[in-house]
Amino acid sequence: MIRLENVSYNYPDGTPALRNINMGIKKGEYIGITGKNGSGKSTFALHLNGLLRPQKGKVMIRGMDTGDFSKLQGIRKIVGIVFQNPETQFVGRTVEEDLAFGPENLCLPPIEIRKRVDRALAETGLGKYRYRSPKTLSGGQGQCVALAGILTMEPECLVFDEVTSMLDPDSGKAVLESVKRLHEKGKTIVYITHNLEELQAADRIIVMDKGRIVIEGKPEDVLSDLSLRDLGLTPPSLIELAERLKNHGVAVPWEKTSSPSSFAEEICRLFLKT
């Protein structure tokens, strides 16, 4: 679905942001992208729908080259991006108007626009806020408005760039649940974050450092990699605890490290078993 071929990009001051990136994303995959600040994550995100274009190499979206300006509209129908600060995406006076903006620009019939707006409101639980100004909502609700706005465009792939970094824990959890539901419905997900706690649901995790891919693999392999700390990343606390228990002869299955409750249940089971 998405292919990056020898992609390189420098910041205006000449600092490399992406260095010879080669990777593919299959339809329906849930890809986690992580790395410390300055590793190139957001620059990577902006390349996925042509907001930035490679200075070297190619980004291909269903065979369309993001470097071909005539293909950008088609590419952006396939790949939608939800950014860190939702207010940068608000254009309407009300939530409903904001959600209708994208489909209106596609010159869709009013009936189709209404269907898409209603569907996006239902998916994100924003129905009761449809006549509110998006700027009066909480951070978590605002992030859901930004997500709903992208959903009205019906992209196949959704890119989330540090969407929980400005949210409180409860709001962040709600957004993550929305991402999970979208993946279960068949959307391709690219989830970018420096918080490794948020990546256990991914099919594959890619770790970036200084514009390069330095680690890639399944969550159970990447999140337990001892080199993460050397890259400025903190492994999920439950996985660290599981590794320490393993060193003392107590093995906690990977799937039990996804939440405190499942981890506690497994410890209780092991304790009662002995």
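Predicted model: local features only at pLDDT ≥ 70, side-chain atom pairs only at ≥ 80, totals over all residues.
Start with the helix itself. Helix 4 runs over residues 110-124, so to speak a 15-residue stretch. From the first C-alpha to the last, the helix reaches 21 Å, close to the 21 Å expected at 1.5 Å a residue.

Now look at which side chains are tucked away. Which residues of helix 4 are buried? They are Ile-113, Arg-116, Val-117, Ala-120, Leu-121, Glu-123 and Thr-124. These cover an arc of only 165 degrees around the axis, so they sit on the same side of helix 4. Turn to the other side of the helix and you'll find Ile-111 and Ala-122, which are exposed.

So much for the helix alone; what about its surroundings? The cover over the buried residues of helix 4 includes helix 3 (95-105), helix 5 (139-151) and helix 6 (169-184).

Let's zoom in on one of these partners, helix 5. Its axis and that of helix 4 come within 9 Å, crossing at roughly 140 degrees. Angles over 145 degrees would count as roughly antiparallel, so this pair is classed as oblique instead. As for handedness, helix 4 and helix 5 make a right-handed crossing.

At the residue level, helix 4 brings Ala-120, Glu-123 and Thr-124 to the meeting, while helix 5 supplies Cys-144, Leu-147, Ala-148 and Leu-151.

Terms used: Residues numbered from 1 in each chain as written. Heavy atoms only, no water. Helix = DSSP H or I, 4+ residues; strand = E, 2+ residues; numbered from the N terminus. Expected span 1.5 Å × (residues − 1). Buried < 20%, exposed > 50% of the residue type's maximum accessible area, 1.4 Å probe, protein only. Arc of directions from axis to C-beta. Contact = heavy atoms within 4.5 Å. Axes fitted to C-alpha atoms, helices over the stretch in contact; angles between N-to-C directions. Parallel < 35°, antiparallel > 145°, perpendicular 65-115°, else oblique. Left-handed = near helix turned anticlockwise from the far one by under 90°.
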